[in-house]
Amino acid sequence: MGGRVATETMVRVEDVHKSYGRGVAAVHALRGVSLEVRRGELVALKGRSGSGKTTLLNIVGGLDTPDRGRVEVDGKQLGELGESELLRLRRDRVGFVFQSFGLIPILTAAENVGVPLRLRRADPREREERVELLLSLVGLAGHAAQRPGELSGGQQQRVAIARALANRPALLIADEPTGQLDAETGHAVMELLRAVVRSEQATALVATHDATLLDLADRVLELRDGEITEH
Ligand SMILES: Nc1ncnc2c1ncn2[C@@H]1O[C@H](COP(=O)(O)OP(=O)(O)OP(=O)(O)O)[C@@H](O)[C@H]1O
Ligand SMILES: [Mg+2]
């Protein structure tokens, strides 16, 4: 592959279709979805349960492949990338926040945040500094040594966000990052996301029902039965 082409567009999805199962049992999760996210934008994705949000985020993040259509992330066509190139793109350019947090239970908060940096074999000094900065960014400087089981749900969510930001991802993908939080904590997490997208010059695509983020977003897209509409 040649070098990355620095375009204005961070994500371009063109006529993406995705079905699960076959025949009469087939579920058409995405029916010709197209969208574009420009660099620096925070785009919220809303839609009822089952409308295809997670399916779309997984496809944009290279965790799943479409049946049809094209997906471009950070100047690269995902369909043209080999397994190792896709892995590298996911590891170095994309940060994921899953609804279920996905933290490693036996590692401390600081160690969890440092995992992506270890995978990239970052210099240990650089890693420690970055982890410290991120933990304070998400308001958890005093909780570095606690394991996920010793943190509240909102704190675990913030650790997951810090981890997703560890490698300074060009693209942050978050799937209902406040789904399990109370309104007030959810509020704080969304404002944090908004601030981080600004301060780290990142781009974010966030599935959410949270009114706070819908307000803070640059744009809101809605999925309805696998099709997209813009608000
Ligand atoms: N692995 C799978 N196998 C079969 N069907 C699936 C699979 N994953 C998703 N689906 C179906 O695809 C549709 C879209 O699911 P998806 O998880 O993308 O929705 P969602 O918008 O994220 O919903 P929620 O808000 O509940 O998280 C649903 O009808 C779902 O049942
Ligand atoms: Mg979902």
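A word on conventions first. This is a predicted model, where local features need pLDDT of at least 70 and side-chain atom pairs count only at pLDDT 80 or more, while totals for chains, interfaces and linings use all residues. Residues are numbered from 1 along each chain as its sequence is written, chains are lettered from A and ligands numbered from 1 in the order in which they are written, and side-chain values use heavy atoms, with hydrogens and water left out.

Let's begin with ligand 1. The residues around it, meaning those with a heavy atom within 4 Å, include Tyr 20, Val 27, Ala 29, Arg 48, Lys 53 and Glu 176. By class, this shell holds three nonpolar, six polar and three charged residues. In that scheme, Ala, Val, Leu, Ile, Met, Phe, Trp, Tyr, Cys and Pro are nonpolar, Asp, Glu, Lys and Arg are charged, and the others, Gly among them, are polar.

Now for polar contacts, that is, pairs of N or O atoms within 3.5 Å; within protein, one must be able to donate a hydrogen and the other to accept it, and residues adjacent in sequence count only if both atoms are side-chain atoms. Gly 50 places a backbone N or O atom 2.8 Å from a ligand oxygen. For Ser 51, a polar backbone atom is 3.2 Å from an oxygen of ligand 1. Glu 176 uses its side chain instead, with an N or O atom 3.3 Å from a ligand oxygen. On its own, ligand 1 exposes 640 Å², and the protein buries 59% of that, by the Shrake-Rupley method with a 1.4 Å probe, where for residues only the protein chains shown count as cover.

Which elements give two or more residues to this shell? They are β2 (27–38) and α1 (53–60), and α1 gives the most, with three residues. Helices (H or I, at least four residues) and strands (E, at least two) are DSSP runs, numbered from the N terminus.

Next, Glu 80, in the loop between β5 (76–77) and α2 (83–93). Buried or exposed? Glu 80 counts as exposed because its relative accessibility is 54%; the cut-offs are under 20% for buried and over 50% for exposed, with partly exposed in between (1.4 Å probe, protein chains only).

Finally, the sheet. Six strands make an open, mixed sheet, ordered β6-β7-β8-β3-β9-β10; strands pair if DSSP finds at least two bridges between them. Its edges are β6 (94–97) and β10 (227–230), each pairing on one side only. Four bridges join β6 to β7 (residues 171–175), and the two run parallel. Within that pair, Phe 96 has Ile 173 of β7 as its bridge partner.
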